[in-house]
Amino acid sequence: MAYDCYVAIRKPLHYGTLLDNRACAQIAAAAWGSAFLNALLHITNTFSLSLCQGNVVDQFFCEIPQILKLSCSQSFLSEVWVLMGNLFIDFGCFVFIVLSYVQIIRVVLRMPSEQGRHKAFSMCLPHLAVVSLFLSTAMFTYLKPLSISSPSLDLVVAVLYSVVPSTVNPFIYSMRNQELKVALNKANEMSAVSMEKMLNQKAQGRILTNLRGTSPNGDKGHGI
């Protein structure tokens, strides 16, 4: 996504050439490959632990910090190896994202048009916000001290770094699609119209109820 923004802003005329099907396949393969290595590291570490406090994880998925709480093994070295492996795998992605956005900011600041700068920043800021959310919450999860750990806090942070980015990313990436924008605008208009109709119907129903329950003289009527 960072490379997509970089090419779209830095080299817009070569966008179709630099981000053809082959380039997209290579980027997807690199992302899936790094994710597979990361998962393999965690799986290997998990099966090397001895669980002596049950097998119920206080989380909606098998998160590593929660598994370490159930372990009776000496998990310090395991934690260090997992942390170093994550840093090694994720550092390349992080550096790539940072370098891409440094180049983007340099190009945007050189634009003479304020409208062009605003358009470029508005295209990149949503992705940058999602990346910042993921990195900050993931680092908090794996580096926070045990003294501030609680089930509710761990659940909220886990949702923020595991569910929210993967849910929001497709919408952010697809917002550049003009057809999707038109469809979303139509859906918003239809929902607004249906909501207005529903509110009008409720208001009319209340008026009719008040009229039926009140006599012409202002007194409440009685059933016959």
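The legends below describe close-up views of a predicted model, moving from the whole fold to single residues.

Residues are numbered from 1 along each chain as its sequence is written, and side-chain values use heavy atoms, with hydrogens and water left out. Because the model is predicted, local features need pLDDT of at least 70 and side-chain atom pairs count only at pLDDT 80 or more, whereas totals for chains, interfaces and linings use all residues.

**View 1. The overall fold of the protein consists of nine helices and zero strands.** Read along the sequence, the elements follow the pattern α-α-α-α-α-α-α-α-α, where helices (H or I, at least four residues) and strands (E, at least two) are DSSP runs numbered from the N terminus. Of the 224 residues, 22% count as buried; here buried means under 20% relative accessible area, exposed means over 50%, and partly exposed lies in between, with a 1.4 Å probe and protein chains only. The accessible areas themselves come from the Shrake-Rupley method with a 1.4 Å probe, and for residues only the protein chains shown count as cover.

**View 2. Helix 1 is mostly covered, with seven of its nine residues buried.** The buried residues are Ala 2, Asp 4, Cys 5, Tyr 6, Val 7, Ala 8 and Ile 9. Asp 4, which lies in helix 1, is counted as buried because its relative accessible area is 4%. The side chain of Asp 4 makes a polar contact with the side chain of Tyr 15, at 2.3 Å; a polar contact is a pair of N or O atoms within 3.5 Å, and within protein one atom must be able to donate a hydrogen and the other to accept it, while residues adjacent in sequence count only if both atoms are side-chain atoms.

**View 3. Arg 10, Lys 11, Arg 106 and Arg 110 form a positive surface patch.** Patches are made of residues with over 30% relative accessible area and no salt bridge, like charges being joined within 9 Å and nonpolar side chains (Val, Leu, Ile, Met, Phe, Trp, Tyr) within 5 Å. A salt bridge is a side-chain nitrogen of Lys or Arg within 4 Å of a carboxyl oxygen of Asp or Glu. Lys and Arg count as positive and Asp and Glu as negative, with His and the chain ends not counted, and the place of a charge is taken as NZ of Lys, CZ of Arg, CG of Asp or CD of Glu. Lys 11 is in the loop between helix 1 (2–10) and helix 2 (15–18), and its relative accessible area of 38% is why Lys 11 counts as partly exposed.

**View 4. A nonpolar surface patch of about 640 Å² is made by Val 80, Leu 83, Met 84, Leu 87, Met 139, Tyr 142 and Leu 143.** Helix 5 (76–109) and helix 6 (114–143) are the elements that give two or more residues to this patch, and the largest share, four residues, comes from helix 5. An α-helix has 3.6 residues a turn, so residues three or four places apart point the same way. Tyr 142 has its place in helix 6 and is partly exposed, with a relative accessible area of 33%.

**View 5. Thr 137 is a buried residue of helix 6.** Its relative accessible area is 8%, and a polar atom of the Thr 137 side chain lies 3.2 Å from the backbone oxygen of Phe 134.

**View 6. Thr 46 is shown with Ser 71 and Cys 62.** Ser 71, in the loop between helix 4 (64–70) and helix 5, is buried at a relative accessible area of 9%. Ser 71 and Thr 46 are 25 residues apart in sequence, and their C-alpha atoms are 9.4 Å apart in space. Cys 62, in the loop between helix 3 and helix 4, is exposed, with a relative accessible area of 58%; Cys 62 and Thr 46 are 16 residues apart in sequence and 9.6 Å apart, C-alpha to C-alpha.
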